[in-house]
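Let's take a friendly walk through a structure, one part at a time. Have the sequence and the 3D view ready as you read.

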Amino acid sequence: MIGWLRHQKHAFAAAVRRLGAHPVATLLTALAMGVAISLPGGLYLGLGHLDRLAGDLPAQPEISIFLDAEASNAQKQAIAARLKQTDIAEARYVPKDEALAALSAAQGLADITAGLANPLPDAWVVRPQTASRAELARVAADLGKLPGVAEIHLDSQWADRLQAALAIGRTGVWLLAGLFAIALVAISGNAIRAQVLARRDEILVSRLIGATDRYIRRPFLYVGALQGLLGGLAAGGVLAVVGTLLRAPVEHLAGLYGSAFHLLPPTATEIVAVLGLTALFGWLGAWLSVTRALRQIEAAR
Amino acid sequence: MISFSQVTKRYPGGHEALSGVNLAIEKGELVFLTGHSGAGKSTLLKLIAAIERPTSGVVSVSGQNVGRLPQRAIPYLRRNIGLIFQDHKLLFDRNVIENVVLPLDIAGLDRRESLKRARAVIDKVGLLKREKANPISLSGGEQQRLCIARALVSRPALLLADEPTGNLDAGYAADIMTMFRDFHQVGTTLVIATHDDRAITALGGRTLQLDHGKVSEAAA
């Protein structure tokens, strides 16, 4: 166990030395990784902001209540009383004649509707106190149970559509993140491969004097993980610069809409998660690359 | 300690380096392998250290069938064998003491203890003043002694040397042979491939003559 810890310590120190020995190459690789990661990272943050924006919008979802043609006056009064309760912000009665007049005017159907008996029901248009989807559904269900109500129409389509669009965006972010994770593995693997080949002699000699493949691989894995971590930090840098550049224009635009909307930095959890993942993928690329290179060196001997 | 039973080694391309070799080397023995170049001396040493595997026959070291050893067990076999190479196989990206300490790092020893042991061995081969030097700045004889120091630092029970005095002038060669005699006296098993007859007569010991892949016992 102590031997194992010592090996880890040695390997880690060796990895830091190797990265430090080629600062330009290390930085360039970190930058390549950083740019790759900042794309899905930036998209993720952008979507988060859209999501927040959608939540903040003064949403005005409406519930339309269509009354039964045979509803009694008592039932109508009961409904009107129910709509005065505190969970309803606003309720407007639309008698069927008014609805028909509006329809005729709007669609230019006056000629057609003139001779007909009015097919439209009396209706209420109601705005609930709370705009959340759950509350909307609850109020709608509640109203639907009242006697004399023929049908409830929940006007939340726009919210559903926005959510659907955001869901596509989120899926896109994960797909993109997956692709760029592969890119990360490739960048790391490529950088490590060059290092393994540059250390061919050391590897051959180490093997002759009793080094296990695990011992040989370990410093390279640390290099990969550290390189990935640096890539993650570089991505953070790229996004910080982008955020700084975008902040003023975004706040200006929000101001024009009378909104106090502004850009927020990622949370600590998100930062830690991204750094952890980049280190992991850097490690993975190194593992694949070293294992393959070791096999080649073994075969070439 | 070492036994070969009907060992044949044929390299890809058909060259047969060893043909049906039988031999036994006891613990603590000092054995010279002689023979013209290409007689199979290096191959014999490589089979002992599992650097090559026999085409047929059994090579056994300390009771282990080395030819059948799984790949992952080979490093642990090699940690008990000190290897001295004609071309030294030193690493030029690190100084003398870092070269010597490498086997101990690989074995996972405490760093301070490792450095102490490395320094003691470097002192024994007379390179203490050069411990911070890069091996590339050392002379051929010094490089050979450094290679010996690296082979000794893990205190192996078995030392294999392939032409350890091959490129050295007589003075250095005698020094190195004297060192080998000292190790022999403390009980290390040594197998030395050489065509340096002066060394053999100076040290005495058993001599195995290799000729076209066949081994015969030579009179000492």
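## A hairpin to start with

In chain B, strand β9 (residues 206-211) and strand β10 (residues 214-218) run antiparallel and are joined by five bridges. Helices (H or I, at least four residues) and strands (E, at least two) are DSSP runs, numbered from the N terminus, and two strands count as paired if DSSP finds at least two bridges between them. Which residue of β10(B) is the bridge partner of Leu210(B)? The partner is Val215(B). Further along, Asp211(B) stands opposite Lys214(B) in β10(B).

The two strands β9(B) and β10(B) form a hairpin with two residues between them. His212(B), in the turn, has a positive phi of about 50 degrees.

## How to read the model

This is a predicted model, in which local features need pLDDT of at least 70 and side-chain atom pairs count only at pLDDT 80 or more, while totals for chains, interfaces and linings use all residues. Residues are numbered from 1 along each chain as its sequence is written, and chains are lettered from A and ligands numbered from 1 in the order in which they are written.

## The sheet of chain B

Now step back from the hairpin to the sheet around it. Six strands of chain B form an open sheet with mixed pairing, in the order β6-β7-β8-β3-β9-β10. The edge strands are β6 (81-84) and β10 of chain B, each of which pairs on one side only. From one strand to the next, the twist averages 20 degrees.

Helix α1 (residues 41-48) of chain B packs on this sheet and touches β3 (30-34), β7 (158-162), β8 (189-193) and β9 of chain B. Its direction makes about 150 degrees with that of β8(B); axes are lines fitted to C-alpha atoms, for helices over the stretch in contact, and angles run from 0 to 180 degrees between N-to-C directions. Helix α6 (residues 170-185) of chain B lies across β3, β7 and β8 of chain B, also running at about 150 degrees to β8(B).

## Two domains in chain B

Chain B is divided into domain 1 (1-80 + 156-220) and domain 2 (87-155), with bounds that come from an automatic or database domain assignment. Their C-alpha centres lie 23 Å apart. The contact takes nine residues from domain 1 of chain B and 10 residues from domain 2 of chain B; two residues are in contact if their C-beta atoms, placed from the backbone, lie within 7 Å. On the domain 1 side, α6(B) gives the most, with three residues.

## Chain A and its overall form

Chain A has 10 helices and four strands. Read along the sequence, they follow the pattern α-α-β-α-β-α-α-β-α-β-α-α-α-α. The radius of gyration of chain A is 32 Å, well over the 19 Å that the globule rule gives for 301 residues, so chain A is more spread out than a compact globule. This radius is taken over C-alpha atoms, and the rule is 2.2 Å times the number of residues to the power 0.38. Along its principal axes, the C-alpha trace of chain A spans about 100 × 40 × 40 Å.

## Where the chains meet

How many residues of chain B are in contact with chain A? There are 12, and they are in contact with 14 residues of chain A. The elements giving two or more residues to this side of chain B are α2 (74-78) and α3 (96-107) of chain B. Of these, α3(B) gives the most, with four residues.
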